[in-house]
Each structure stands twice: as structure tokens, then as C-alpha cells.
Amino acid sequence: MLQAWVDGELVPAGEARVSVYDRGFRLGEGVFETFRAYGDHVFRLAAHLDRAVRGASFLGFGLDAASLSRAVTATASANLTAHDGRDSVVRLTATPGRLDPETPFPGRAVGGPTVVVTSHPLVVDPEVHRDGLTATLVPWARELPDVKAVSYLAATVAREHARARGADEALLTDPDGNVLEGSSSNVFAVLDGTLVTPPPSAGLLAGVTRGVVLEVAAGAGVPVEERPLSVADLSGADEAFLTATTREVMPLVRVGDDRIGDGHPGPLTRSLHEGYRDEVRREATTRR
Ligand SMILES: Cc1ncc(COP(=O)(O)O)c(C=O)c1O
């Protein structure tokens with residue numbers, strides 16, 4: 001039976017409850033993190049938790065990384081058998097907690113933060129890495145882009161917009177025609193042998209996977225530039241890919257009507273993905 005962590009203990013997931021007065025439910029306040037557990041090893045746990053703690057602090061509530069770490073690892077381990085030992089997606093949701101509805105808007109906080117962790121088996125369509133993904137452009141960005149906030153409307157609407165147009169992902173763009181990020185991914189392009197990705201200061205989430213790919217590229221001696229990436233640069237790139245925790249490095253082979261490179265996953269994309277997998281194995285082995 002699947003277990004969920006709710007405010008300090010594991011409970012059967014189907015019986016897990018949060019208050020109707022929770023500020024996350026009422027106001028969309030809170031942060032979330034999506035981790036990938038390789039078996040029972042949660043990759044880059046500290047980097048994800050650091051982002052959650054910083055995001056919560058920006059939203060005005062405190063989270064304790066050590067307690068969150070226990071919650072995430074306990075949930076991943078508790079569900080390992082239910083997941084048949086497969087890799088899983090672990091989701092942490094943390095909100096400022098309940099509000100007192102009788103106090104003025106937005107309602108005085110009552111008690112401490114709400115912390116919920118769930119997990120489910122990871123399913124990745126093999127076509128994602130074999131054939132690559134397609135994307136469409138949307139002319140908007142996320143609110144508070146460096147916070148992985150519970151309120152994710154700009155991203156979810158963008159993804160539905162992409163699906164309705166037959167694309168896999170939506171790329172958010174700024175008014176100057178620069179690509180910022182995907183609805184749930186970061187964007188990289190290969191231009192004349194240089195790996196280019198927009199900087200967090202452009203207004204995007206500094207993805208944990210993005211950070212690992214930058215480390216892998218630097219270790220392999222690949223020239224890297226963090227700079228604005230125009231739509232024209234991306235469309236004319238030799239290769240492009242998206243990064244996200246659950247699906248790692250995903251080749252991007254089409255944007256709108258434009259084919260990227262020869263329309264197939266490129267060699268640098270593949271070698272950076274291999275380097276990423278090596279890093280996952282290295283971390284899982286050294287932490288045991
Ligand atoms: C908007 C957005 N950008 C980037 C990412 C990639 O972040 P990470 O590599 O930490 O999963 C995500 C992940 O969900 C996201 O939602």
C-alpha cells in the first residue's frame with residue numbers, strides 16, 4: 001500500500017488529509033519539489049531541498065532542510081516495495097500551513113507549515129530519448145520564476161496549450177523574443193560547438209538538472225555560455241535539449257515549424273546525457 005508523509009508521519013496515501021483552511025489550497029501559497037529516486041537513492045536531494053527552503057523563505061515561511069530530508073527519504077523507502085523497486089517520482093509539497101478564516105485577508109497563520117510527501121513509479125516513454133521532443137512557443141513567463149511555487153498556472157496552461165497544438169512541451173518566451181524555459185524544463189542549445197543556456201537572471205527556474213548538466217559539460221571541456229537565447233538562435237541551433245529531474249536530458253528536435261539540426265537527437269546531447277547518468281551512478285554509489 002502506498003504511503004504518504006503528512007506533517008511528521010507516514011500514513012496510507014489514500015487516507016492522507018490536509019486542512020480546507022490550508023494556505024496552499026486557499027491561496028496557492030507554498031513550494032514544491034519533484035525528486036527522482038533511482039531505486040531508493042534520491043538524486044541531488046540537498047540541492048532540491050535548498051531550493052525549497054529558499055523559496056519558502058521568499059514566500060515568508062520557514063522550512064527545516066533536515067526534517068524535509070527525513071520526510072523525503074522515508075517516503076521513498078516506504079514505497080520502494082509498492083513501486084517494485086522501480087525508479088520513482090517523489091513530490092514534496094510544503095505550504096505555510098492553516099489560516100484563521102476569521103482574521104483579515106489573507107488570514108493569520110495558525111500552527112506550523114504543512115509538509116506532504118508522496119511518490120509514484122516513474123514512467124518514461126522510450127521515444128522521449130530515442131526520437132526527441134517537439135515544442136511550441138508561448139508569449140508569457142511564470143510569476144516569481146525562481147520560486148518553484150505551488151501555484152503553477154502559467155506552466156500548466158502553457159503545457160495544455162502545447163498539447164492542443166500537438167507539441168510535447170511549451171517554451172516560455174519574453175517580450176524581446178528570448179526563450180526562458182520550458183513549462184517544466186530548462187532549455188539548452190548547441191551553437192557552433194558551444195553549449196548555450198539562458199541565465200537564471202533572465203527569469204527562469206534554476207533547475208537542479210540544469211546545474212548537473214553544466215557541471216558535466218565543464219568536466220568534459222565543452223565550452224558553455226549562460227546568456228540570453230533568442231528564438232532565432234534556438235531554431236537555427238545544431239542541437240537542442242531540455243532538462244528536468246524526472247526525464248534527465250531530453251533531445252529537442254523541433255520548435256514550432258522549425259526542425260532543429262537534422263531533426264534527430266544530436267551527439268553532444270547524447271554524450272551529456274551519458275555523463276549525467278554517470279553522475280547519478282557515482283552519487284548513488286558514494287552515498288551508500
Ligand atoms: C518551470 C520549470 N523550469 C525548469 C524545471 C527543471 O527543474 P529541475 O531540473 O530541478 O527538475 C522545472 C521542473 O519541474 C520547471 O517546472
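Where is Leu144 found? Leu144 sits in the loop between strand S9 and helix H5, helices (H or I, at least four residues) and strands (E, at least two) being DSSP runs numbered from the N terminus. The model is a predicted one, in which local features need pLDDT of at least 70, side-chain atom pairs count only at pLDDT 80 or more, and totals for chains, interfaces and linings use all residues. Residues are numbered from 1 along each chain as its sequence is written.

**Backbone features in loops and strands**

Leu144 has a positive phi of about 40 degrees although it is not a glycine. With 13 other C-beta atoms within 10 Å, Leu144 is classed as partly exposed; a residue is buried if 20 or more other C-beta atoms lie within 10 Å of its own, exposed if 12 or fewer, and partly exposed in between, the C-beta atoms being placed from the backbone. Glu248, which is likewise not a glycine, has a positive phi near 55 degrees. This residue belongs to strand S17 (residues 248–255), and Glu248 is buried, since 22 other C-beta atoms lie within 10 Å. A cis peptide bond, with omega of about 5 degrees, joins Phe105 and Pro106, and Pro106 is found in the loop between strand S6 (98–100) and strand S7 (108–110).

| Helix | Number of residues | Expected span | Span between end C-alpha atoms |
|---|---|---|---|
| H2 (residues 45–59) | 15 residues | 21 Å | 21 Å |

In H2, the buried residues are Leu45, His48, Leu49, Arg51, Ala52, Gly55 and Ala56. Seen down the axis of H2, these buried residues fall within an arc of 155 degrees, so they line one face of the helix; the arc is that of the directions from the helix axis to the C-beta atoms. The cover over the buried residues of H2 includes strand S3 (31–38), strand S4 (41–42), H3, strand S5 (88–95) and H6. Gly60 follows H2 and has a positive phi, near 95 degrees.

In H3, Leu68, Ala71, Val72, Thr75 and Ala76 are buried. Viewed down the axis of H3, they fall within an arc of 120 degrees and therefore line one face of the helix. Ala66 also lies in H3, but Ala66 is exposed, having 8 other C-beta atoms within 10 Å. From C-alpha to C-alpha, Ala66 and Phe35 are 16 Å apart in space, and they are 31 residues apart in sequence.

In H5, Ala155, Ala158 and Ala162 are buried. They cover an arc of only 65 degrees around the axis, which puts them on the same side of H5. On the other side of H5, Leu153, Glu160 and Ala164 are exposed. Strand S9 (133–138) and strand S10 (169–173) are among the elements that cover the buried residues of H5. Just after H5, Gly166 takes a positive phi of about 80 degrees.

An α-helix has 3.6 residues a turn, so residues three or four places apart point the same way.

**The packing of H6 against H8**

Two packed helices are described by the angle between their axes and the distance between the axes. The axes of helix H6 (residues 208–219) and helix H8 (residues 267–286) come within 9 Å and cross at roughly 105 degrees, where axes are lines fitted to C-alpha atoms, for helices over the stretch in contact, and angles run from 0 to 180 degrees between N-to-C directions. That angle makes H6 roughly perpendicular to H8, a class that takes in 65 to 115 degrees. H6 contributes Val212, Val213, Val216 and Ala217 to the contact, and H8 contributes Leu272, Gly275, Tyr276 and Glu279; two residues are in contact if their C-beta atoms, placed from the backbone, lie within 7 Å. The residues of this contact divide into six nonpolar, one polar and one charged, with Ala, Val, Leu, Ile, Met, Phe, Trp, Tyr, Cys and Pro counted as nonpolar, Asp, Glu, Lys and Arg as charged, and the others, Gly among them, as polar.

**The surroundings of Arg23**

Arg23 lies in helix H1 (residues 23–27) and counts as buried, with 24 C-beta neighbours inside 10 Å. Leaving aside neighbours within four places in sequence, Arg23 is in contact with Glu29, Thr95, Pro96, Gly97 and Leu99.

Notes
Parallel < 35°, antiparallel > 145°, perpendicular 65-115°, else oblique. Expected span 1.5 Å × (residues − 1).
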